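Trainee: I have not read a model like this before. Could you take me through some features, with the general idea ahead of each case?

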Amino acid sequence: MDIKKISDQLSVSGQVLPGDIIALKKGGFRSIICNRPDGEGADQPTYNEIEAAAKKAGIQARHIPVTAGKVRDQEVSAFGVALRELPGPVFAYCRTGTRSATLWSLNEGANQTPIPDILSATKAAGYDMNGVVRRIANGGKTPTDVADTTHDIVIVGGGAGGISVASSLLVRSNDLDIAIIDPADVHYYQPGWTMVGGGIFNADQTAKTMASIIPSGVKWIKAAVSAFEPDNNAVILDGCRVVKYKRLIVAPGLKLNWNGIEGLTDTLGRNGVTSNYRYDLAPYTWELVQNLKTGRALFTQPPMPIKCAGAPQKALYLSADYWFKNRTISNIDIEFYNSGGVLFGVKEYVPALMDYIERYDAKLNFMHTLTKVDGSNKRAWFNKVDGEGNTELIEAEFDMLHVVPPQIAPDFIRASPLVDENGWIDVDQATLRHKAYDNIWSLGDVMNAPNAKTAAAARAQAPVVANNIMYDVGQAEGLSHYNGYGSCPLTVERGKIVLAEFGYGGKLLPSFPRWMLNGQKPSRMAWLLKEKILPPIYWKAMLKGKEWLVKPEAITVAKD
C-alpha cells in the first residue's frame, strides 16, 4: 500500500486489502472511497469486504466505481459530494490511484481551483493530469473537442521575448498568421527599474500599454494560459477556451516568488523594505536612498537563476554612489548578502567591481540566503552555508533592505509537459527548439538554456527563433544558432558602467572594439549607452523587429 497525499483532505493509492484498514485507521483516515468496480482483477477483494473491514474499524466507506479510462461527469459529481459529506481526511483507491486522482482533479476544476495548483499537486503525488486538463478547465465536465480559434503561430507571453519574436517573424514574412496570448494591459521595460531606483529614470518612462506595442497584424488574445496540450497542438486558456496552433513559441517570463521569503509580503514598500524588481517599488528605493543619512543598508541576491543577475548589486552601487557623493557614506554600513559564492559569474569583470566594493566600503557576505524578514522590528534572517555544507541562521538589523526575491517559472509552465526536471522549458540550447515537441520553441527567461536571463539575451534569441521557424516552414536557407549572448550593464556609479557581455561558458562576446569600449573597465560611454541609447533601441528597434547587431547567421543544413 503506497499512499500518495494529494491534499490535506485526500490521499490515494492502488488497491488495498481488508487487512490494510487498521493501518489506515492508525494513519488518521476517517473515510474510504473505493473507485474500482468489483471484478476488475482476479486478486481483487470486493467492495463489500472493504466496507465490512472499514465499518469494524470505525471508518466510513463509499463506493463510486469508475471504469478505467472512462471517468464520467456524474462520477465526478458523486466524488465531490462524497468529499463534502464524509469526515476527513479521506483515503481513495482504485487499481493504481489514477482514477481517484483524476476524480479529485476534475472536482477541483468544478470548484474553480487554479489549474496549475491542481496539476502541481497531482504531479507531486506521481500522477500526470495533463491528459484531462481541458476537462479540468471546463469545470470538471467533458468539453467539446473544438478549438475556439486557430493560428499558424501562437506566442505565449507579450514581454520582451514574445513581442520581439513576433516582429522578427513579420519582418521575414508579413502575411504570417500570428497570435500573442497575454492577459496584461501594460508592457514594462524592466531593465529601466534599476535606473528608477537610482533616481535616473522616472517609473512612467518604463511602461507602455500592451495595445500600443502589439505588432500590427498580430492577433492579441488577452487571456491567461491555464495549460498546454502539446500532443493536440492546443493551448488551454482560463475558462476552457482552446487555441490551436501549427507552431508554438513559449515566452512568458519568470514568476517572482515573493512568498518564498517569510514575512516579506507583509512589509514590502514600507518599513525600509524595497525592491527594484517591481515597478511600483523602484521609486520607493530612491526615496529610501535619499532619506538614509545614517544606519545600515542591506542588499540581497537569491539563488540562481534570476533575471539580470547583476541587478542586485546594481542597486547597491547606485545607492552607495549617492551616499558617497553626498558625503554620508561614512555613517552608513553597507552589506551585500549573496546566496552564491562569487561577486559575478564571469571572472573578467570582477576586478573592476571589487574596486567599487572597496570604494564604498561594502561588506560581502557570500553563501547567505535571505529566508525571513520582520519589517516592523527591522530584522532579517539569512541561512549561511559554510564550505562543508553546514548551515547557520544569521540575524541582521537594517534601516534599509533591498530584496531580490527567488524566481521560478510560472505555475502553469512548471505544471506542464514542456518542462525538464527543474521546471524550465526544455530546449536545444543552440536552436531553442523544444527537445520533445518539434513544433515548439522557447526564448527568454523561462527556458533552460544556460545563459544569463537578460533583455539583451532575449534580443539575441528572438531573431534565432524567427529564422528557425521560417526554416521549418521552408522559407529560410538554414538554421541559426544562439551562442548564449547576454549583456549586463553594471551601473557602478552614476555616469559609469562596467558593460559585461558574454555567452555560454562565460565566453566574452563584446559588441564594440576594445579601443572604443572596454567592457572590463568602468566607462562613461557604456553609461551613455544604458541611459540614452538602449531604451529607444528597446522600444523602437528590438520590439519592431530591427535586428541591429543581433541579426543571426544561417547555417545551411540538409533537410531529411
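Mentor: Strands are DSSP E runs of at least two residues and helices are H or I runs of at least four, numbered from the N terminus. The model is predicted, so local features need pLDDT of at least 70 and side-chain atom pairs pLDDT 80 or more, while totals for chains, interfaces and linings use all residues. Residues are numbered from 1 along each chain as its sequence is written, and side-chain values use heavy atoms, without hydrogens and water.

Trainee: How many bridges join β26 to strand β27?

Mentor: Strands of a sheet pair through backbone hydrogen bonds, either parallel or antiparallel. Two strands count as paired if DSSP finds at least two bridges between them. Here 6 bridges join β26 to β27 (residues 496-502), and the two run antiparallel. Their hairpin has 2 residues between the strands, and glycine 495 takes a positive phi near 110° there.

Trainee: Why is strand β26 described as largely enclosed?

Mentor: A residue is buried under 20% relative accessible area, exposed over 50% and partly exposed in between, with a 1.4 Å probe and protein chains only. In β26 (residues 486-493), 8 of the 8 residues are buried, so the strand is largely enclosed by the rest of the structure.

Trainee: Which strands pair with β13 in the parallel sense?

Mentor: Strand β6 (residues 149-156) is joined to β13 by 7 parallel bridges, with valine 156 opposite valine 250. Strand β24 (residues 440-442) also pairs with β13 in the parallel sense, over 3 bridges; isoleucine 440 in β24 is the bridge partner of leucine 248. Strand β12 (residues 234-237) runs antiparallel to β13, and 3 bridges join them. There, alanine 234 has lysine 244 of β13 as its bridge partner. As 7 of the 9 residues of β13 (residues 242-250) are buried, this strand is largely enclosed by the rest of the structure.

Trainee: What is the order of the strands in the open sheet of 5 strands?

Mentor: The order is β15-β22-β16-β17-β18, with parallel pairing. The edge strands, each pairing on one side only, are β15 (273-274) and β18 (363-366). Within the sheet, β16 (residues 295-301) and β22 (residues 400-402) share 3 bridges in the parallel sense. One example is phenylalanine 299, whose bridge partner in β22 is histidine 402.

Trainee: Is threonine 122 buried or exposed?

Mentor: Threonine 122 lies in helix α5 (residues 115-124) and is buried, because its relative accessible area is 0%. Threonine 98 is 24 residues away from threonine 122 in sequence, and the two are 9.5 Å apart in space, C-alpha to C-alpha.

Trainee: Where is proline 18 found?

Mentor: Proline 18 is in the loop between β2 (10-13) and α1 (21-26). Its relative accessible area is 29%, so proline 18 is partly exposed. From proline 18 to asparagine 48 there are 30 residues in sequence and 9.9 Å in space, C-alpha to C-alpha.

Trainee: Which residues make the nonpolar surface patch?

Mentor: Such a patch takes residues with over 30% relative accessible area and no salt bridge, joining nonpolar side chains (Val, Leu, Ile, Met, Phe, Trp, Tyr) within 5 Å and like charges within 9 Å. A salt bridge is a side-chain nitrogen of Lys or Arg within 4 Å of a carboxyl oxygen of Asp or Glu. Accessible areas come from the Shrake-Rupley method with a 1.4 Å probe. Trp515, Met516 and Met525 make a nonpolar patch of about 360 Å². Methionine 525 belongs to helix α15 (residues 524-540), and its relative accessible area of 34% makes it partly exposed.
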